[in-house]
Amino acid sequence: MKSGGFFELEQHGTSVKKEVTAGVIGFFTIVYIVAVNALILSESGMPFEGAVIATIAVSALGCILMAFIGKAPIILVPGMGINAMFTYTLVQSMGFTWQEALTIVTFSGVLFVIVAFTKLSGVLSEAIPQSLKDAITVGLGFFLLLIGLEKGSLVIQGENSILAIGHFNEPQTLATIITLLVALVLFIKNVPGHFLWTILFGTGLAFLMNITPESAGSAELSADSVVWFQLSFDSWLQIPFWIAVFSMTMVLVFENIGLVHGHTNFIKRPEKYSGALKANALSAFSSGILGSSPTVSTVESTASMAAGGRTGLTTLTVGVLFIASAAFIPFMSYIPDHAIAPILIIIGILMIQQMRHMNMEDFTESIPSIMLIVMIPFTYSIADGIAIGFILYPLLKFVTGKWREVTVPLLIISILFLVYFILHFLPGI
């Protein structure tokens, strides 16, 4: 056995104490996801308590898979943006039940596994233009920002369903403003566990202002709370189902390829990329079975890495702490919307900053990207926004004589999205 045991601690220049400490720091940086993800999934009709259990389960399993397969300090939890896609696009926009949406997650996970365990990850990464990859991230950011503003009552539905500024004299809106200001200060000052402190502050403020959620204290674990193995295959033969699978797979694959590359480069261990991506894919596949939106490699992993985490022992520590967090499930129902909204807003802003890398000089690149970005929040559908961008890109390349820049895989993807639009919006044809 190599020096340092299974995790090769000595070879990585680290120790058990350093790895465990990095894991603890990483956990408190990311533990906010339990409440945030559960609240978003519950808006799909999924029982809140079940969504909490599922979030903890997939987070713990994801980190353990990363520990033993990826052997990297990369934390896997349900991804922000893709959980919004689960609830607001698949369920509320496309009309799938949450059980059918879990089946879509599972199929997407299968495709992700195929990509991760073959050379397809490289083929797809090269086939899709960087401008569209960046646009997907930015579009998801705007979508999360909009959801955060609505959840915090900072914008509301006005006349003719047009969004309007919220009523700042309302207690909930005032609480959101105060919590958002605190969240921004904590975030900008890079206070460890800033999102967790935001949730605790917002929840405490709710007690002080007497605006605790109506469901507070009603969380009870029962057979009806169980959401694992609740897959429904009722729609699996329909074209919209497979368009949804494909859209979610694209977000999963490109988001994680970029993040895993970034994380393994950060710790100067690029050789860990392949194993980490495989662990990532297996974790995403298990998510649908266990009742959650897919897990992704998190940006917060850098907190563990900055604290010295270099091996899978860091993520094993995070996984064990997620299991221990199940003891706090009965208290999750006390967390109000105004404690969650600032987190969605800040994460949305961070994702939007990816726009600075986009090519705005070439109109055949910028127009499809901008249309993809704006149509995601405007249509309240991530799938529709992605589809519009991927249809416009080859179309503009062909009419401007730049057809050589369109790869065959990209053309196939665009045709599939076009067929989806024809069948979805012109059912009489």
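Reply: Let us begin with contacts. This is a predicted model, and in its chain 79% of the contacts with a separation of 6 or more join residues 24 or more positions apart.

Me: Which helices and strands does the chain have, and how many?

Reply: There are 17 helices and four strands in the chain.

Me: How does the radius of gyration compare with that of a compact globule?

Reply: For 429 residues, a compact globule would have a radius of gyration near 22 Å; the chain has 21 Å, so the two agree. Along the principal axes, the C-alpha atoms fill a box of roughly 65 × 60 × 45 Å.

Me: Which residues make the nonpolar surface patch?

Reply: The patch covers about 950 Å², and its residues include Ile239, Leu395, Phe398, Trp403, Leu411 and Leu423. Two elements give two or more residues each: helix H16 (382–399) and helix H17 (408–425). The largest share, six residues, comes from H17.

Me: Why does Leu423 count as partly exposed?

Reply: Partly exposed lies between the buried limit of 20% and the exposed limit of 50%. Leu423, which is in helix H17, counts as partly exposed because its relative accessibility is 41%.

Note on methods:
Residues are numbered from 1 along each chain as its sequence is written. This is a predicted model: local features need pLDDT of at least 70, side-chain atom pairs count only at pLDDT 80 or more; totals for chains, interfaces and linings use all residues. Side-chain values use heavy atoms; hydrogens and water are left out. Patches are made of residues with over 30% relative accessible area and no salt bridge: like charges are joined within 9 Å, nonpolar side chains (Val, Leu, Ile, Met, Phe, Trp, Tyr) within 5 Å. Accessible areas come from the Shrake-Rupley method with a 1.4 Å probe; for residues, only the protein chains shown count as cover. A salt bridge is a side-chain nitrogen of Lys or Arg within 4 Å of a carboxyl oxygen of Asp or Glu. Buried means under 20% relative accessible area, exposed over 50%, partly exposed in between (1.4 Å probe, protein chains only). The radius of gyration is taken over C-alpha atoms; the globule rule is 2.2 Å times the number of residues to the power 0.38. Contact means heavy atoms within 4.5 Å.
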